[in-house]
Protein chains: 2
Amino acid sequence: MAIREGVFKTIINCFKRHGAETIDTPVFELKETLTGKYGEDAKLIYDLADQGGEILSLRYDLTVPFARYLAMNKISTIKRYHIAKVYRRDNPAMTRGRYREFYQCDFDIAGQYDLMIPDAECVKIVAEILSELNVGDFIIKLNNRLLLDGMFAVCGVPEDKFRTICSAVDKLDKTFWEDVRSEMVDEKGLAPEVADRIGEYVRLNGQLELVEQLMQDEQMMKNKMARQGLEEMKLLLTYCQLFGVLNKVSFDLSLARGLDYYTGVIYEAILTSTAEKAQTDGADKNESVGVGSVAGGGRYDGLVGMFDPKGKKVPCVGVSIGIERLFSIMEAKAEAAEGKVRTTETQVYVASGQKNMLEERMKLCNLLWEGGIKTELSYKKNPKLLNQFQYAEEHGIPFLAIIGEQELKDGVVKVRNTSTREEETFPREKLLDEIRTRVSSS
Amino acid sequence: MAIREGVFKTIINCFKRHGAETIDTPVFELKETLTGKYGEDAKLIYDLADQGGEILSLRYDLTVPFARYLAMNKISTIKRYHIAKVYRRDNPAMTRGRYREFYQCDFDIAGQYDLMIPDAECVKIVAEILSELNVGDFIIKLNNRLLLDGMFAVCGVPEDKFRTICSAVDKLDKTFWEDVRSEMVDEKGLAPEVADRIGEYVRLNGQLELVEQLMQDEQMMKNKMARQGLEEMKLLLTYCQLFGVLNKVSFDLSLARGLDYYTGVIYEAILTSTAEKAQTDGADKNESVGVGSVAGGGRYDGLVGMFDPKGKKVPCVGVSIGIERLFSIMEAKAEAAEGKVRTTETQVYVASGQKNMLEERMKLCNLLWEGGIKTELSYKKNPKLLNQFQYAEEHGIPFLAIIGEQELKDGVVKVRNTSTREEETFPREKLLDEIRTRVSSS
């Protein structure tokens with residue numbers, strides 16, 4: 001939790017720097033709210049027992065509850081973040097940070113705005129967070145559902161197969177093109193030459209020059225969706241440049257994202273120091289499968305309308321930070337660096353080596369608490385001095401404030417530095433100031 | 001949520017000042033873990049549907065999961081806080097801050113220590129939090145289950161009726177003695193003279209002088225439980241004095257607390273500015289029923305042992321802050337004071353009154369973000385200057401950074417104070433420093 005608090009702080013600071021407010025929604029939703037939003041994954045939803053009253057399920061993500069909240073409260077513009085737990089009846093995989101109960105960490109911008117401006121801010125936010133957390137090199141893959149659909153059309157995919165072929169493309173980060181191709185042809189009945197045409201496109205990635213290249217592709221430019229997708233990508237990349245994050249992004253035609261509700265830009269951030277291997281041809285892809293992805297999202301302009309009685313749409317774009325994976329990485333880093341992580345923030349331990357000093361220790365403790373100093377004392381009546389020293393050392397408490405008969409008589413307190421073991425004596429009335437100086441510089 | 005964040009901050013600061021760490025436990029527990037811990041209230045537990053696998057329920061409080069966690073991980077000393085949601089299938093009462101999903105905010109000290117030292121720190125913590133939140137006058141009622149049981153024995157209550165008579169006494173904060181007496185006599189079969197003897201005791205409240213008075217009561221002192229309870233109360237009140245909170249506490253023999261698992265000291269904090277009426281004889285008690293109580297807790301030395309295979313006990317004492325009620329109070333206060341509460345912390349709004357300034361606004365925004373300034377911009381390509389001023393005003397954003405052709409040519413930025421409407425112009429390279437000076441002093 002101590003490490004998690006640090007990660008939360010960095011992320012929340014970033015969200016606030018971008019002007020977001022936070023909202024909270026209940027952990028359960030009406031079952032019908034979640035029905036039909038997650039495709040095959042719906043089997044992973046936790047239901048509550050029918051104990052009379054509403055039929056409820058535990059939330060599966062934070063996006064559907066957000067959309068339901070906007071529709072229900074008739075909110076058409078908001079920039080909000082929400083950090084909360086979601087629930088999936090999945091097979092846990094602790095090492096990959098996959099649990100049945102886990103935090104999601106979402107930032108979304110709802111509202112009717114000009115093209116790609118909020119979309120670019122989402123990219124900026126992911127770049128800021130991953131940079132500030134110091135988790136190594138990363139790349140934010142960008143693509144666009146309109147462009148994907150246009151490309152499918154150009155390649156000759158029948159329209160009713162767009163979504164299922166999109167799901168197949170989505171597996172490219174986890175498996176080889178050959179497997180994806182055989183899924184398209186053998187399982188999903190696509191003509192081999194259509195699959196091969198898709199194969200040509202999905203190996204492309206780059207930046208603005210790739211947009212220019214595809215804009216030379218006459219067939220693509222004849223398709224309205226592909227054209228619009230390309231124009232959006234051009235704008236998005238231009239804005240990424242203005243936000244100083246062009247070196248962190250890659251326009252990648254293989255990025256598809258599993259969820260059905262995306263309607264425009266899609267994102268996925270991967271850590272390249274761990275994911276590198278997966279991109280090397282011939283390497284064992286399974287080794288690093290899934291460990292690299294640490295954020296994802298996209299534009300979903302239709303979801304809110306599904307909850308509005310009149311179908312009124314509210315355009316939305318957002319990202320979800322894969323905070324459990326970031327926790328795993330930060331925990332591993334902290335362990336490697338220090339060995340032990342402090343779980344408390346105590347600054348001073350009030351101690352005495354003499355008997356019958358409990359009341360005096362309590363008074364001194366109180367003085368420090370009232371002065372805003374994080375302070376502890378032993379809950380034993382007559383603890384041994386050595387045990388008190390040990391407690392401070394084991395818990396990383398930087399200072400001890402020590403009293404005994406003599407200190408009380410002289411009106412002083414001895415301050416001991418836990419790590420250097422140096423001791424200084426101060427008049428009691430100067431103690432707070434002296435401690436404050438020491439804790440602020442330590 | 002903006003108000004809630006402020007309340008959380010105050011409370012967490014206090015917990016950390018007292019050296020507490022935080023832990024997290026899952027929102028669901030095995031159903032059997034919760035069974036038999038809550039008496040009659042068990043009917044309010046939310047169960048999950050049986051979808052195969054474990055039979056689960058949503059947590060009802062944070063204390064039972066904490067005890068289960070200690071036993072499972074063989075932890076025998078810890079000082080922890082936990083702020084999380086719990087679930088009860090109850091009838092919601094919004095005005096009193098009673099919901100089906102609500103936050104609990106618990107601080108507990110587990111460990112074998114000397115008498116009343118951690119118990120007194122819990123009182124100190126409640127006093128600090130309620131003082132810092134500025135919710136008006138309050139009193140922390142103190143009593144002791146041992147003393148209550150001893151008193152019941154002295155009055156002639158049969159031992160198998162201790163708990164049920166204790167439940168009746170617990171209702172004294174919500175109803176008149178006459179009703180409690182008739183529950184004892186008519187429903188629970190207590191002899192009228194026994195009830196009357198209890199009636200004499202439960203109207204007593206005071207501080208150390210009441211302890212002394214009861215210590216003169218020969219019958220009480222002959223009973224081992226009553227004697228120990230009184231000795232603990234004396235110690236607790238002495239420690240409260242050392243911690244400077246004696247003026248905030250009242251030793252109150254009518255305090256009983258509903259839960260079965262308490263074994264020693266019990267606490268309950270009430271706001272006296274709202275609860276005063278209920279204490280006036282003859283007043284309509286229903287009017288202020290339940291609105292006063294904002295924290296409660298006590299010592300529960302047997303609960304952890306219920307989860308240990310060998311029944312190994314871990315003594316615990318803790319308090320739970322009634323944070324939903326505090327939210328209600330703080331929300332009402334904030335509304336009364338300001339009319340509008342800021343939900344974001346944005347410091348600067350980047351604006352322009354001219355067309356085709358989007359890219360320049362984005363660049364300036366980026367400069368401010370990189371400098372750690374909380375900044376927003378309009379997501380419109382060519383927003384009207386007046387709309388941008390309005391946005392800043394409505395959202396309480398203190399400053400605008402304005403650019404146009406002229407400012408770009410001159411390499412300057414105009415800074416406008418939203419409330420005074422004063423404008424100053426600074427060289428672009430000095431902007432960050434100037435903004436930092438202004439936001440830190442505003």
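How closely do the axes of helix α9 and helix α11 of chain A come, and at what angle do they cross? The axes of α9 (residues 208–215) and α11 (residues 224–242) of chain A come within 9 Å and cross at roughly 160°. This is a predicted model, in which local features need pLDDT of at least 70, side-chain atom pairs count only at pLDDT 80 or more, and totals for chains, interfaces and linings use all residues. Residues are numbered from 1 along each chain as its sequence is written, chains are lettered from A and ligands numbered from 1 in the order in which they are written, and side-chain values use heavy atoms, with hydrogens and water left out.

**Helices α9 and α11 of chain A**
- The angle makes α9(A) roughly antiparallel to α11(A) (over 145 degrees; under 35 is roughly parallel, 65 to 115 roughly perpendicular and the rest oblique).
- Axes here are lines fitted to C-alpha atoms, for helices over the stretch in contact, with angles from 0 to 180 degrees between N-to-C directions; helices are DSSP runs of H or I with at least four residues, numbered from the N terminus.
- On the α9(A) side, L208(A), V211(A), E212(A), L214(A) and M215(A) meet L230(A), E231(A), M233(A), K234(A), L237(A), T238(A) and Q241(A) of α11(A) (contact means heavy atoms within 4.5 Å).
- Seven nonpolar, two polar and three charged residues make up the contact of α9(A) with α11(A) (nonpolar: Ala, Val, Leu, Ile, Met, Phe, Trp, Tyr, Cys and Pro; charged: Asp, Glu, Lys and Arg; polar: the others, Gly among them).

**Helices α5 and α6 of chain A**
- The axes of α5 (residues 145–155) and α6 (residues 162–170) of chain A come within 11 Å and cross at roughly 110°, so α5(A) and α6(A) are roughly perpendicular to each other.
- R145(A), L148(A), D149(A), F152(A) and A153(A) of α5(A) make the contact with F162(A), R163(A), I165(A), C166(A) and V169(A) of α6(A).

**Helices α4 and α11 of chain B**
- In chain B, the axes of α4 (residues 117–132) and α11 (residues 224–242) come within 9 Å and cross at roughly 50°, which makes α4(B) oblique to α11(B).
- I117(B), D119(B), A120(B) and V123(B) in α4(B) meet L236(B), Y239(B) and C240(B) in α11(B).

**The two copies**

Methods
Helices (H or I, at least four residues) and strands (E, at least two) are DSSP runs, numbered from the N terminus.
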